[in-house]
Amino acid sequence: MLRLSKKVQSLPPYLFLEIDKAKRKARQEGRDIIDLGIGDPDQPTPMHIIDALNQAARDPANHRYALDQGMPALRQAIASWYKARFNVNLAPDTQILPLIGSKEGIAHFPLAFLNAGDISLIPDPCYPPYKGGTILAGGSAHLMPLLEENNFLPDLKRIPFLARKKAKMIFVNYPNNPTNACASDGFYRELIDFAKRNKIIVISDLAYSEMVYDGYKARSLLEFPGAQDVVIEFHSLSKTYNMTGWRLGWASGNPRLIAALAKVKSNIDSGIFSAIQLAGVAALSTGQDFTAKMCQLYQERRDILVSGLQSLGWQVTKPKATFYLWIKIPGSSDSMSFASRLLKEADIVATPGVGFGRYGEGYIRMALTVPKERIREALERLKKIS
Ligand code: MLT
């Protein structure tokens with residue numbers, strides 16, 4: 001048997017696939033699993049988006065290769081959304097690239113700029129594709145610990161001189177998965193300055209910008225002066241419009257960075273099914289009422305779960321964004337053992353913090369993706385094992 005390539009050998013197993021396997025096995029055994037694992041909205045995609053897909057799928061003009069860099073209608077809809085939401089002007093032709101979900105764009109981007117020996121500066125804990133994409137591109141990761149005492153922001157001043165010199169890119173993700181932290185304006189200004197001084201590309205993953213509570217408003221990094229020189233920002237329809245399975249996202253920002261990613265992708269995929277792109281146009285025209293309703297739903301779930309866990313003596317605070325709780329593990333158990341115990345003894349799926357990186361050890365993540373009754377049921381089960 002041929003050996004796997006060194007790159008593939010050095011990829012860790014994909015976290016959510018492993019958790020999904022354990023969950024499926026438990027369900028096959030007939031157990032009543034409460035899934036607080038992957039961040040996959042449980043509510044349906046709004047009907048007007050499904051209708052737009054239906055209609056577009058019937059049109060033979062949409063059945064052929066969509067080889068271009070995304071349909072003009074979709075790029076224009078994304079530009080209008082950015083303008084309305086962040087007051088950022090983006091040129092639809094050169095500053096926007098639709099993607100088959102933001103994950104593939106994030107994972108492919110390092111191929112455009114990394115050579116062997118180059119470094120990506122990667123937060124730890126983080127969404128796994130930042131590391132996976134870097135490894136597949138032949139680069140190496142310099143990890144930036146996200147620590148509670150630093151509000152889960154990377155401490156740019158602590159990045160060693162050599163790592164800074166070899167770094168081609170830095171990943172940031174606020175509102176943050178998994179810690180739910182939010183970035184301050186001061187941090188974003190410091191980041192842009194750092195990137196310019198060190199000639200480093202900033203990759204901003206903005207997937208959770210619309211999941212916000214208690215009046216908080218997340219900002220795009222592209223709003224900040226000078227950002228458009230060094231930033232590529234990734235966004236997704238997945239969480240905002242309950243469209244995880246549809247696979248539709250986009251990259252926006254600096255034209256050279258966008259063109260480089262487009263070149264990589266033109267050698268890998270052949271575009272996004274046009275009917276899905278047209279459904280994306282419909283999604284982006286969804287009114288703020290829908291987003292507000294979803295945030296209200298997650299907020300109610302958040303309040304029940306946070307106060308329930310706190311009354312069990314667990315250390316957890318209310319997030320002001322994302323649909324994740326980042327919870328200190330009670331007692332001295334490590335996160336893998338604790339998550340296994342939750343599955344075995346309480347039929348609850350939660351994500352072990354270490355799955356997001358070694359600085360995630362000591363935590364578990366719970367996603368607010370089940371109805372309130374199931375959250376209450378989960379709390380009852382946790383009472384019994386606490
Ligand atoms: C997560 O659970 O961290 C994310 O939902 C996974 C993803 O977006 O691919």
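Predicted model: local features only at pLDDT ≥ 70, side-chain atom pairs only at ≥ 80, totals over all residues.

Residues are numbered from 1 along each chain as its sequence is written, and side-chain values use heavy atoms, with hydrogens and water left out.

**First stop: the largest pocket**

Select Pro 13, Tyr 14, Leu 15, Pro 128 and Gly 355, which lie nearest the centre of the largest pocket among the 34 residues that line it. A pocket here is an open set of points on a 1 Å grid over the protein atoms alone, with protein on both sides within 12 Å along at least five of seven lines, and a lining residue has an atom within 4 Å of a point. Its volume is about 720 Å³, a volume being the space filled by probe spheres set on the points, which are joined across faces, edges and corners.

Next, colour helix H6 (129-136), one of the elements that supply at least two residues of this lining; H6 gives the largest share, six residues. Helices are DSSP runs of H or I with at least four residues, and strands are runs of E with at least two, numbered from the N terminus. The domain bounds come from an automatic or database domain assignment.

By class, this lining has 23 nonpolar, six polar and five charged residues, where Ala, Val, Leu, Ile, Met, Phe, Trp, Tyr, Cys and Pro count as nonpolar, Asp, Glu, Lys and Arg as charged, and the others, Gly among them, as polar.

**Second stop: the second largest pocket**

The second largest pocket has a volume of about 560 Å³. To find it, select Phe 16, Ile 38, Gly 39, Tyr 127 and Lys 239, the closest to its centre of the 30 residues that line it. H2 gives the most to this lining, with five residues, and the lining divides into eleven nonpolar, ten polar and nine charged residues.

**Last stop: the cavity**

Which residues line the largest cavity? Select Glu 210, Met 211, Lys 239, Thr 240, Thr 291, Met 294, Cys 295 and Tyr 298, which surround a volume of about 50 Å³. In a cavity, a 1.4 Å probe fits but cannot get out. Each of domain 1 and domain 2 supplies at least three residues of this lining.
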